[in-house]
Amino acid sequence: MEISRRRIVLFAALVVAVSAIVLYFTVDVETFRRLADFHPASLLGVILLIAAGMYFDALRLQRLSSVAGRHVRLGAAMRVVFGNYFMALLTPGASGGAVIQVLFLKKAGVPTGSATVVVLVRTILSIFFLILCLPLVFYFDPLILPWFDREAIVRGAILLAGLVIAGMAVLRTRISDRIAVVVLKRFPVRWRFRLMKIYRDMRGALGMIAVSPKAVGLAFLESGISLLFLYAIVPMLFAGLGAQMDWLQVMGRMIFLNLLLYFAPTPGGAGVAEGLFISSFRPFLPLGTVGVAAVAWRIFAEYLPACIGGYFTLKVFGSRGGDKK
């Protein structure tokens with residue numbers, strides 16, 4: 001995996017372009033009035049929320065590494081977390097984030113196989129937390145998808161969470177092996193090895209969960225706390241702008257938005273994230289102000305941690321991190 005300067009420059013240019021477009025089409029006179037009344041104390045709140053979110057993220061990584069039989073220092077775990085932000089932004093679908101996490105864990109003394117399982121469990125816990133929150137989000141915020149019936153959406157969200165739980169249970173049985181063999185035969189040969197590897201990694205991840213349910217349960221709790229701290233950045237920014245809002249409603253929309261971003265096709269969700277943000281929070285702030293808030297959210301929640309992660313990644317691995325043994 002080569003961390004080329006060209007890729008970094010191209011992504012930086014994309015970020016600048018997207019931010020400029022958002023500001024150009026949203027900023028108006030009302031924006032400057034709001035910014036003049038901005039409460040600087042909220043920036044301190046944002047920094048504290050980021051620090052707390054990153055700390056609990058690193059804490060769950062330490063716990064999962066312990067389940068895998070390896071002790072990872074807090075400093076090393078923090079480098080994994082920040083490195084993930086860096087490479088996730090540089091690659092479509094955040095695919096590079098998992099790779100750099102494995103490399104940092106390997107550097108911390110975790111074997112590649114165990115590191116892969118730890119990273120996968122970490123991702124599963126985050127997504128699972130968001131999916132479990134969906135029924136509550138849709139129930140208390142019917143306007144999030146106003147063109148659908150609220151009760152139908154809640155039932156669908158509960159069904160989705162149930163299917164995820166059932167799927168995880170099936171993967172722990174021999175039935176899943178038979179299903180995998182039948183399904184994989186329908187794919188071209190060149191895809192079978194990749195899909196089988198994904199299947200085996202999933203089995204390994206669920207095996208870790210089954211072996212130490214209490215420790216993984218605590219890691220799941222830490223996942224939720226970490227995500228909620230990071231999502232609280234947005235209502236904190238809104239409060240600084242003097243917006244009248246329901247914090248729980250804003251947090252609910254952040255949960256839904258971030259779940260969608262797991263499937264964004266652009267590097268780091270650039271463009272997609274800003275568009276979803278403006279669409280989701282337009283009712284809470286004037287258009288000009290919500291555009292500024294979208295850019296500020298991306299800077300604090302993504303680009304700042306990514307810059308720190310870039311420093312650690314280039315310092316430890318250089319520009320050709322994946323080739324370093």
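Helices here are DSSP runs of H or I with at least four residues, numbered from the N terminus. You're looking at a predicted model, where local features need pLDDT of at least 70, side-chain atom pairs count only at pLDDT 80 or more, and totals for chains, interfaces and linings use all residues. Residues are numbered from 1 along each chain as its sequence is written, and side-chain values use heavy atoms, with hydrogens and water left out.

**Exercise 1.** Find the residue that follows helix 11 and has a positive phi.

*Solution.* Go to the end of helix 11, residues 233–240. Helix 11 is followed by Gly242, with phi near 80°.

**Exercise 2.** Work out how helix 3 and helix 11 are oriented to each other.

*Solution.* Start with the axes, which are lines fitted to C-alpha atoms over the stretch in contact (heavy atoms within 4.5 Å), with angles from 0 to 180 degrees between N-to-C directions. Those of helix 3 (residues 41–67) and helix 11 come within 9 Å and cross at roughly 175°. Angles over 145 degrees count as roughly antiparallel, so that's what this pair is. To see who touches whom, look at Ser42, Gly45, Val46, Leu49 and Ile50 in helix 3, which meet Ile233, Met236, Leu237 and Gly240 in helix 11.

**Exercise 3.** How many residues of helix 11 are buried, and what covers them?

*Solution.* Buried means under 20% relative accessible area (1.4 Å probe, protein chains only). By that cut-off, 6 of the 8 residues in helix 11 are buried, among them Val234, Pro235 and Phe238. Their cover includes helix 3, helix 10 (213–231) and helix 14 (287–317).

How values were computed
Helix = DSSP H or I, 4+ residues; strand = E, 2+ residues; numbered from the N terminus. Parallel < 35°, antiparallel > 145°, perpendicular 65-115°, else oblique. Buried < 20%, exposed > 50% of the residue type's maximum accessible area, 1.4 Å probe, protein only.
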